[in-house]
Every structure is written in C-alpha cells, then in structure tokens.
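Work through the two exercises below with the sequence and the model side by side. Each task is followed by a solution in steps.

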Amino acid sequence: MNIAFFSTQKYEQPFFEQSITGQGSVSITYLEQSLNQNTAILAKDFDAICVFVNDTVDDAVIKQLASFGIKTILLRCAGFNNVDLPAAKANSMNVLRVPAYSPEAVAEHCIALMLTLSRKTHKAYNRVREDNFDLNGLLGFNLHSKTVGIIGCGKIGLALCNILNGFGANVLVCDPYAQPGNYTITDLDSLLTKSDIISLHCPLTDQTHHLINDEAFNKMKPGVMLINTSRGALLNSKACINALKTKKLGYLGLDVYEQESELFFKNHSDEINQDDIFSRLVSFKNVLVTGHQGFFTQEALTEIANTTIQNALEVCESKPLTNEVL
Ligand code: NAI
C-alpha cells in the first residue's frame with residue numbers, strides 16, 4: 001500500500017519510519033501540502049491517503065480521490081469532523097482513525113493551560129529573567145475546592161476528571177452518555193451556572209457547533225475560566241471577545257481555534273496576521289493560546305504512528321478493521 005501523507009510535519013516522520021520498519025507492504029510519501037480540492041491531484045498513483053485535523057476531505061475531494069481509485073482514508077487523529085462520511089460511504093471508501101492515542105496528553109495540557117492562566121507562570125518567567133521579582137499582578141487561585149465543569153466525558157474528559165480529583169476540585173460532568181464516576185453528572189445549564197472553570201471535551205457536531213455562545217456566557221459565573229482543547233468551532237469566537245470585554249470571561253485557554261486551518265502548524269512570523277478575530281483574542285492579557293499541541297507528546301506520537309500503520313496493514317491484509325469510522 002503506497003500512502004500519500006498530507007500536511008506532514010518533520011517531527012512526525014521518525015515515529016512513522018520506526019513503525020513501518022519491517023512492514024514491507026506499506027510505504028509512505030510525505031507531502032507538506034494540506035489536502036483540499038487543489039492538492040487532491042497529488043494523491044494520484046497512490047493507494048491510500050493519510051490526513052490530519054486540518055485537511056479537507058469533503059465531497060469534492062472524495063470524488064477526486066475515488067477517480068484515482070483510492071479506497072482508504074487514514075486519519076492520524078481521533079476527530080473526523082473534517083471528513084464527509086456520507087460521501088466516503090457513497091464512494092465505498094474505508095475511513096480509519098486513531099481513536100485514543102493518549103487522552104492523558106490532552107488532559108495534562110488542559111491542566112497546563114489552567115495553571116498557567118491562574119498562576120501566571122508565563123509572566124513570572126519573563127519577569128525573573130529581567131530581575132523583576134515583583135509579585136503584583138501574579139495573584140492566582142487554588143484549584144482545590146473549585147468547581148470544574150467538563151462538557152463531554154469521554155476518554156479525554158475522564159482523564160481530566162481523574163487529574164482534577166487529585167487537585168481536590170469538585171468535578172461536574174455533562175455528557176448524554178455519562179457513566180457514574182468520581183464526579184457529579186449534571187445538565188448543561190446547571191454546569192454553566194455552577195462552574196468556576198469550564199473545559200470542553202465533546203466532539204464538534206451540528207449539535208455542538210457554537211455550543212458556547214452569548215446565551216451560554218450569560219449563564220456563567222462572572223470571571224469564569226474557559227478551556228477549549230477540543231475543536232475551535234465549539235466556541236463562538238465573537239461571543240468570547242464580548243465576554244472578555246465585559247469581564248464575564250475571566251480567563252480563556254485555547255488549544256484550538258475555529259479558523260485554525262489557516263494559521264496553525266506553520267510559522268507565519270514574517271507575515272501580517274489577517275485574522276482580526278484571532279488578533280483581538282490574543283491581545284487580551286488573560287487569554288492563552290497554544291497551536292493545537294494538546295496531543296503533542298512522545299507517547300502520543302508513538303501511538304498515533306503505530307495505530308495508523310496497524311490500520312493500513314489491516315486493510316492490506318483484508319482483516320477486520322478495528323478502527324473503522326464508517
Ligand atoms: P470521546 O469520543 O472519547 O468523548 C467525547 C464525549 O463527548 C463522548 O462521551 C460523548 O458522549 C460526549 N458528547 C457528545 N456530544 C455531547 C454533547 N452535546 N454534550 C456533552 N457531551 C457530548 O472523545 P475524546 O477522545 O475524549 O476526544 C474529545 C475531543 O477532543 C475530540 O472530539 C477531538 O475533537 C478533541 N481532541 C483534541 C486534541 C488536541 O490535540 N487538542 C487531541 C485529541 C482529541
């Protein structure tokens with residue numbers, strides 16, 4: 001199976017090279033381009049494509065891929081909101097993903113965002129380098145005894161609950177499929193009303209698109225902390241800006257952004273940022289943005305590479321497909 005890898009980054013290659021060692025039936029061509037209608041032509045002559053979170057696998061792209069005889073779409077991520085599944089089905093394509101590579105990697109990144117926002121270690125780092133040991137402006141708050149609301153308690157949400165229990169936080173969970181655990185299950189309204197910190201861990205669907213909007217902010221406590229490491233479009237960014245301006249939103253930690261495909265995973269430092277909403281968001285002192293790095297640990301990359309190659313081998317060997325989305 002010859003696989004065209006779209007949106008490849010240098011840091012991924014050693015992990016994939018390691019996982020195909022000894023697997024003669026799979027070969028990889030690493031492409032820097034992201035997949036869209038203009039670049040789909042690059043997949044001609046390949047048997048399969050492998051994509052990441054910001055590649056576009058819509059109906060038009062799928063039709064092009066099908067015309068090249070491609071039958072397999074390998075996602076080297078968990079989320080599959082960027083794939084038009086009905087179109088893939090209509091073209092008899094297998095869509096496989098990496099359902100869980102390291103929920104702890106993302107959960108630990110949430111904690112990093114929460115603690116950085118609260119304890120301002122990023123500001124302290126810069127001050128101390130300038131021999132400035134003034135503590136004014138660095139006042140934080142304890143996670144202990146705070147109420148943390150988790151929207152979506154799947155693998156990552158659950159890993160976060162476990163860590164937060166260690167901090168002595170009161171954890172509220174809202175998830176239509178929540179199982180009893182070391183947290184209180186509640187509905188969305190009550191979670192929004194009671195939480196000091198809210199963290200989003202549900203997938204992006206038609207139902208969850210802009211789940212956090214003006215109406216949701218109105219229900220929240222003044223000065224609430226909001227963390228989004230799930231998918232950018234769960235938040236209405238304009239509503240966030242309004243809530244930051246009125247101080248309803250006291251802290252915002254983002255690892256994802258609605259228009260991130262134009263920005264993330266690339267160095268734009270020589271360019272003028274044309275995204276006024278993003279520029280406004282990062283101008284607030286109480287907003288911390290990381291560029292979709294929640295998953296970015298050695299352990300997670302090892303698991304992503306191994307599972308993706310395992311998925312490809314199952315297709316090659318006509319075995320039952322463990323991680324099929326369709
Ligand atoms: P999961 O599928 O294990 O859990 C998602 C949970 O959300 C499920 O329990 C589901 O019942 C719940 N859910 C669905 N609709 C809901 C709603 N309307 N309200 C409340 N809960 C709802 O997924 P997992 O592995 O925990 O990942 C969660 C999300 O994190 C993914 O969809 C992906 O978008 C994102 N992610 C981000 C990464 C990063 O690097 N920042 C890395 C990996 C995943």
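An oxygen atom of the ligand lies 2.6 Å from an N or O atom in the side chain of Asp175, which is within the limit for a polar contact (a pair of N or O atoms within 3.5 Å). The model is a predicted one, in which local features need pLDDT of at least 70, side-chain atom pairs count only at pLDDT 80 or more, and totals for chains, interfaces and linings use all residues. Residues are numbered from 1 along each chain as its sequence is written, and side-chain values use heavy atoms, with hydrogens and water left out.

**Exercise 1.** Decide how the rings of Phe264 and Phe278 are arranged.

*Solution.* Rings of Phe, Tyr and Trp (its six-membered ring) pair if their centres lie within 6.5 Å, with planes under 30 degrees apart counted as stacked, over 60 as edge-to-face and the rest as tilted. This rule gives 9 aromatic pairs. For Phe264 and Phe278 the centres are 6.4 Å apart and the planes stand at 75 degrees, so the pair is edge-to-face. The pair links distant parts of the chain, 14 residues apart, with Phe264 in the loop between strand 11 (249–254) and helix 10 (276–283) and Phe278 in helix 10, where helices (H or I, at least four residues) and strands (E, at least two) are DSSP runs, numbered from the N terminus.

Notes:
Polar contact = N/O pair within 3.5 Å; in protein donor to acceptor, adjacent residues only side chain to side chain.
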